[in-house]
Amino acid sequence: MDSIYADKMPALEETLQDMLGRINSIREQLNDEYGMDPIEHLLSRIKSEESMREKCIREGLPLNEHSALAVIHDAIGIRIVCAFLNDIYIIRDHIASFKDIEIIREKDYIRNAKPNGYRSYHMIVKTASGFFIELQLRTISMDTWAALEHHIRYKKVIDTNSSLIADELKRCADELASTDISMQSIRNLIMESMQK
Ligand code: 0O2
């Protein structure tokens, strides 16, 4: 079977590596400025052939390179997991400042959480090479919650419990969000006392 990415795989890999290099430069710069690594961990992937085909079918798109690379925007995905809330917005601003990268769409699911409690900052950017990248920026707490929710979503849940589970998940998401704010305040106090 021909690749849904046609002959673009090497170019996709190159685009991903270029963006990872830029993110690592931001990381080093912020580490020098604040004396603290703003990124807890960084994940990246080129969406597998199988997942991309599934997504095209789900969205009613023909199985071809155009659908995979021009209509769907997450063939390249990067997840940036930060320890602290403010670092998400600082990193976002650095990414937005790249002159050769166009921001196509941003969704702030942190200030406007999804009804189920999902939080993350999403960016779709277009690179000079013409490829799209989906960036997800989140805290460790948001990442933990999303991983658990994703895991549960694919489990068969007994109907009688599904609404209770949804309510509990939402409650956990809100508690974690409140903890993120408290952790940020503690960090601010530490930074303040270091400057004195
Ligand atoms: P995968 O397998 O994770 O790559 P749209 O309808 O176009 O506005 P779209 O395109 O679904 O929305 O984008 P959105 O809402 O920004 O979400 C994109 C990705 O964010 C998802 O990828 C998930 O990875 C993550 N995400 C969004 N909502 C949730 C959620 O409620 N729970 C969890 N765990 N993750 C979420 P995909 O497309 O699902 O595919």
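Buried, for this talk, means under 20% relative accessible area, with exposed over 50% and partly exposed in between. Keep that cut-off in mind. And keep in mind that this is a predicted model.

Start with helix 5. The buried residues there are Ser141, Met142, Asp143, Trp145, Ala146 and Glu149. Helix 5 covers residues 140–153, so to speak in plain counts, 14 residues. From first C-alpha to last, helix 5 reaches 20 Å. The expected span at 1.5 Å a residue is 20 Å, and the helix comes close to that.

Now zoom out. The protein chain has six helices and five strands. Reading from the N terminus, the order is α-β-α-α-β-α-β-β-β-α-α. Along its principal axes, the C-alpha trace spans about 60 × 50 × 20 Å. The chain has 196 residues, and 39% of them count as buried.

Next, the ligand. Where does the ligand sit? The space it takes is the largest pocket. How many residues surround the ligand? There are 17. The closest are Lys107, Lys114, Asn116, His122 and Glu149. Glu149 we have met already, among the buried residues of helix 5.

Which elements build the shell? Strand 3 (102–108), strand 5 (132–139) and helix 5 each supply at least two residues. Helix 5 gives the largest share, four residues.

Now the polar distances to the ligand. Take Lys107. An N or O atom in the Lys107 side chain is 2.4 Å from an oxygen atom of the ligand. For His122, the side-chain N or O atom is 2.7 Å from a ligand oxygen. For Lys55, a polar side-chain atom lies 3.2 Å from an oxygen atom of the ligand. How much of the ligand does the protein cover? On its own, the ligand has 760 Å² of accessible area, and the protein covers 65% of that.

Stay with His122. This residue lies in strand 4, residues 121–126. Is His122 buried or exposed? It is buried, because its relative accessible area is 14%, and the cut-off is under 20%. The His122 side chain also has a protein partner. A polar contact of 2.7 Å joins it to the side chain of Tyr118. So much for the histidine.

Gly117 is buried, since its relative accessible area is 3%. What lies 5.2 Å from Gly117, C-alpha to C-alpha? That is Ala173, 56 residues apart in sequence.

On to strand 5. Arg138 is found in this strand. Is Arg138 buried or exposed? Its relative accessibility is 3%, so it counts as buried. The Arg138 side chain makes a polar contact with the side chain of Gln136, at 3.2 Å.

Ala75 is found in the loop between helix 3 (65–71) and strand 2 (76–82). With a relative accessible area of 4%, Ala75 is buried.

Then Ile95, in helix 4, residues 85–96. Ile95 counts as buried because its relative accessibility is 1%. Compare the sequence and the space here. Ile95 and Arg171 are 76 residues apart in sequence and 32 Å apart in space, C-alpha to C-alpha.

Last, a backbone point. Which residue other than glycine has a positive phi near 50°? Ala6. It sits in the segment before helix 1 (9–34). Is Ala6 buried or exposed, or in between? Its relative accessible area is 38%, so Ala6 is partly exposed.

To close, back to the site. The ligand takes the largest pocket. Helix 5 supplies four shell residues, the largest share. Lys107 and His122 are among the closest residues. And His122, itself buried, has the Tyr118 side chain as a polar partner.

Key: Residues are numbered from 1 along each chain as its sequence is written. This is a predicted model: local features need pLDDT of at least 70, side-chain atom pairs count only at pLDDT 80 or more; totals for chains, interfaces and linings use all residues. Side-chain values use heavy atoms; hydrogens and water are left out. The expected span of a helix is 1.5 Å times one less than its number of residues. Buried means under 20% relative accessible area, exposed over 50%, partly exposed in between (1.4 Å probe, protein chains only). A residue is near a molecule or strand if one of its heavy atoms lies within 4 Å of it. A polar contact is a pair of N or O atoms within 3.5 Å; within protein, one must be able to donate a hydrogen and the other to accept it, and residues adjacent in sequence count only if both atoms are side-chain atoms. Accessible areas come from the Shrake-Rupley method with a 1.4 Å probe; for residues, only the protein chains shown count as cover. On a 1 Å grid over the protein atoms alone, a cavity is a set of points where a 1.4 Å probe fits but cannot get out, and a pocket is an open set with protein on both sides within 12 Å along at least five of seven lines; lining residues have an atom within 4 Å of a point. A molecule sits in a cavity or pocket if more than half of its atoms lie within 2 Å of its grid points.
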